[in-house]
Structures are given as C-alpha cells and as structure tokens.
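Dear colleague,

Please find the structure below, handed over for your records. My notes on what was found in it follow directly after.

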Amino acid sequence: MPTEKTSEDSAGILLVDDMEDNLTALEAVLRSLNEPLVRARSGEEAMKALLERRFAVVLLDIRMPGMDGFETAAHIKRLDRTKDVPIVFLTGSDAEAGYAFRGYATGAADYLTKPFDPWVLRAKVTVFLDLYRKSRRLERLQEGLTGLVEHLSGLEERLSAGALPDLAELRCQVRELQQLAAEGQGS
C-alpha cells in the first residue's frame, strides 16, 4: 500500500558530483521520483546544502577536486544534524580496489560504480525515500505521544487534587488518543 506523501515527508535528494554530465544523468534517472533534486558541484557545496534542508539520501561522487567524497562523507557523519543521512557513493568503474571498503568504513549505506543501471539506482533511492518518510512519521507519532502523556499527567494531577475536568476538554483528549492510536495502527 503506497504511503501518502505530505509536505513534511517531501525529501530532497542531494546529488554531489563535479561533472555536469553526471549531474544531468542523475537528474534524468531520478526525476520520475517527484522529489526535489538538489545539485552540489563540490563537497563544500554539499555541506552547505545539508545545513539548509533535510535530505533522504546523498548520492556522492568519490573523485572530486578539493574535498573529495570520502572527506565530505566524514564531515556529514560528524555533524549531529546530518549523521543519519544515508550516503550512496558513486564512482567510475576504474576506481581503486579499496574504494568500496573505504566508502563503507566512512559510513556509506551503499556503493555503486558508474556507469550505473538506472533501474537499480532508482530502486535504491526509493528505499531510502521510504525509510525517510517512515522515520518522519515515527518522529511525529513520538511528538504526539509526548504531548498526550503530558495532557494525561495534567488531568491526573487535577483529578488527584479533587478538581473535576471539563467534560468538553476530556472528550477532546479522548479523541486525540483515539486518533493517535489509529495512526499507530496504520504504521
């Protein structure tokens, strides 16, 4: 069953490569996912983009002038705000043998060589988009649960003090509990 997408669920996909042709190819493959595609032509640009908005996944070229993909990934994983963003390394098929190991050691979630199969790339990115949406939904449920626990604690304090609750307020809180329970069952 497809998950309904809200504006909060909209997740950017960060494309990081110093080669214009590679960025264009990535956009062509991923455009059909209907998610914002954000370009960065360097590790520095990628870090700026990551600090400006949330991303479901980063597709990161390894070989770039200046800050290469490994350095960029290390910076991403160091920051609390970005440490959980999955990274998929992309590199040419002539890459050194140790690149895959180094990529995973740096915190990559996956590693693909160019030229990549468009269907495989799209499928992998779709998995990360789904995980992002589910994670956001869990965060919202957690926030809702925290709020309801606070409401219930306040109600319990008033009842313990002998204060009778307002019936309309009590009904509203019961509806909130029912809605939260229904959302939790739909997970």
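Asn34 counts as exposed in this predicted model, because its relative accessibility is 59% and the cut-off for exposed is over 50%. Asn34 lies in the loop that runs between helix H1 (20-30) and S2. The phi of Asn34 is near 55°, a positive value in a residue other than glycine. For context, most residues other than glycine have a negative phi, and most peptide bonds are trans.

The peptide bond that joins Lys114 and Pro115 is cis, with omega at about -5°. Pro115 is placed in the loop between S5 and helix H5 (118-160).

As to the sheet, five strands form an open sheet in the order S2-S1-S3-S4-S5, and the pairing is parallel. Its edge strands are S2 (37-40) and S5 (110-114), each of which pairs on one side only. From one strand to the next, the twist averages 20°. In general, strands of a sheet pair through backbone hydrogen bonds, either parallel or antiparallel.

Which strand is joined to S2, and by how many bridges? Strand S1 (residues 12-16) is joined to S2 by four bridges, and the two run parallel. Within this pairing, Val16 has Ala40 in S2 as its bridge partner.

Finally, helix H3 (residues 69-78) lies across strand S3 (55-61) and strand S4 (87-92). The helix H3 runs at about 175° to S4.

Yours sincerely

Notes
Residues numbered from 1 in each chain as written. Predicted model: local features only at pLDDT ≥ 70, side-chain atom pairs only at ≥ 80, totals over all residues. Heavy atoms only, no water. Pairing = 2+ DSSP bridges. Axes fitted to C-alpha atoms, helices over the stretch in contact; angles between N-to-C directions. Contact = heavy atoms within 4.5 Å. Buried < 20%, exposed > 50% of the residue type's maximum accessible area, 1.4 Å probe, protein only.
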